[in-house]
Amino acid sequence: MDGPETLTTTLRSTPNRGYRPLSDYGLIGNTHTAALVGRDGSIDWCCLPHFDSGAVFCRLLDARQGGFFRIGPQSEHTNTRRYVDGTAVLETCFQTADAQMRLTDFMHAPRLAQSRLDVDTPRCHRLLRRIEGLAGRMAVEIVLKPTFDFARAPARLSRVPAGVVATSGGERVELRVPPAIAFTLDDTASTASARFVVKAGDTIWVTLAYANTTIGNAALAADDPEALLNETLGHWLEWDRQCTYEGPYEAQVRASARVLKLLTFGPTGALVAAPTTSLPECIGGVRNWDYRFCWLRDSALVLHALMSIGYYRAAMDFFEWLSRLCKDDGKCMQPRIMYRLNGRHDLPEHVLSHLSGYLDSKPVRIGNAAVEQRQLDVYGHVLDAAHMCLTYMKHRPDAALSRTLRFLADLAAQYWRAPDQGLWEARSAPRHHVSSKLMCWVALDRAVRLAELGEIEGDVGVWRREREAIRNAILQHGYDARIQAFTQAFDSSELDASALLISIVGFLPANDPRMVSTIERIREQLVSGGLVYRYQNHDGLPRGEGTFAICTYWLVDNLAMLGRLDEACAMFEHVSAFANDLGLLSEEIDPTNGGLLGNYPQGFTHLALIQSALGIQAARDARIR
């Protein structure tokens, strides 16, 4: 199986029309928001103060108009980078012909390993950058161009003794630098820039603070930056030590766990699907969606993966948040498929027509109209994660969580016969998706198990009866004997990689003849370059998307369950090799050139990597026994 090294080296080294390959970006964050930092030291994406807020830097979506914040050499250079071991503190080392400099980037991140529910959001957010001269003398530049609210609000820049202040409406960013660094302001371009020389032994701290304009200068002043760095390193190391995975893919698993933590909104326990919006699934295509929200499905899958490697606290925080969402004056409410980080579900979808989009891929969207869709699989994913949490942790659910889980099971029993948009959120007519029926079966199966353990109460007789009815319906209408495969929807012949979940969730064993033949049909018809497409049929939108990384990992899981370990390991290593040098993966991969596509980095992908690594390890252990 050929790897991606040659193709991705070319993609990762050549900016295109002012845009950098997604693989050029590293991720930093503080579990309130996150930023993408390019290899050249430019922060080209950051929403403040939260993941789902307006973007202050959005050059990622418009190379000409979008804002950025760069620190880097003025001349040609090479660079290497890494996360400081076990942390999300990013180091980039720049080298010119006669000098070396190290740039350290991070957001101050408190209390990562403990619950932070109901902790007040900080009054201001700080992005800290340390410049260190390692050898020689290097000419360095700082360029700040804030473009508030996705470049819809003009910024007013002014010099202050400590650096530069930019304001717009009720928002404010302040750039603090040592007094010796003088800035030049370009009012036309709303840009502040400074050029200076860094010599060996120099250490320069640059702090960007964001707050609303009612906060005074004293509140914006940073604490000792070295102390903040050490505290952040300590919190990340404490988080990393909780990981229980030991195996051949430990580096990839720990990197993926770090990404999932970076996608967590600490004050509520919600998890965003990705920190970005509108990164295209096909360059020049229209499948550009806003993923900066909390999908219940994605969150449940993330928690399942994190719990599998020792991170239980995150699960309890999420289920507490979910219980709050689903109750109103003591009554359970029908859950939405996604929410804002604060629990609201007002997500009107808008097109930002003034932005050109990444590599001119329009439209650029904010908000997500899929919030109004019916997606029945949500019940199963949440109950599956809850079952794992409550049985592995031996933790008794409180009354609110028990009531919520019972309510979700009752919804699955009531609505499983209805058509829906499915887990892929098709913007076409509802269908009877096999994966949705499957996850309703999972919801009832896990609810019955929890009831048998005394963890929840409910009409178990109804749950058992409807669970069996779903099973019969899937076997009768979800399997096409002519093509010998489980299909995308009832009584259809269209393949869908989500059929690989049938064995993963325990509906049938992987070695059931129907699953074996389904796996082979998917390998024959949905695999390209060793990677898996989710499906190939029309879904109501213009064609054009990459292979889905999560689907490839699902195939890895099935191969491992079949005992085909050599094939499973080869495919795992193949898809994981498309990660950049920091271990980050997007939603999709272009099988023709190895480019990363879709929102980045993607929680779906990283949770699947963890689960596949665990599946391979379980298969190895079973073989030894």
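**Reading the labels**

Analyst: Let's start with Y339, which has 4% relative accessibility and so counts as buried, since buried means under 20% relative accessible area, exposed over 50% and partly exposed in between (1.4 Å probe, protein chains only). This is a predicted model: local features need pLDDT of at least 70, side-chain atom pairs count only at pLDDT 80 or more, and totals for chains, interfaces and linings use all residues. Residues are numbered from 1 along each chain as its sequence is written, and side-chain values use heavy atoms, with hydrogens and water left out.

User: Why is W321 called buried?

Analyst: Its relative accessible area is 5%, and the cut-off is under 20%, so W321 is buried.

User: What makes W321 and Y339 an edge-to-face aromatic pair?

Analyst: Rings of Phe, Tyr and Trp (its six-membered ring) pair if their centres lie within 6.5 Å; planes under 30 degrees apart count as stacked, over 60 as edge-to-face and the rest as tilted. The rings of W321 and Y339 are 5.9 Å apart, centre to centre, with 80 degrees between the planes, so they form an edge-to-face pair.

User: Why is K437 said to lie over the face of F490?

Analyst: A charge sits over a ring if NZ of Lys or CZ of Arg is within 6 Å of the ring centre and within 35 degrees of the ring normal. K437 is 5.6 Å from the ring centre of F490 and lies over its face. R471 likewise lies over the face of F507, at 4.7 Å from the ring centre.
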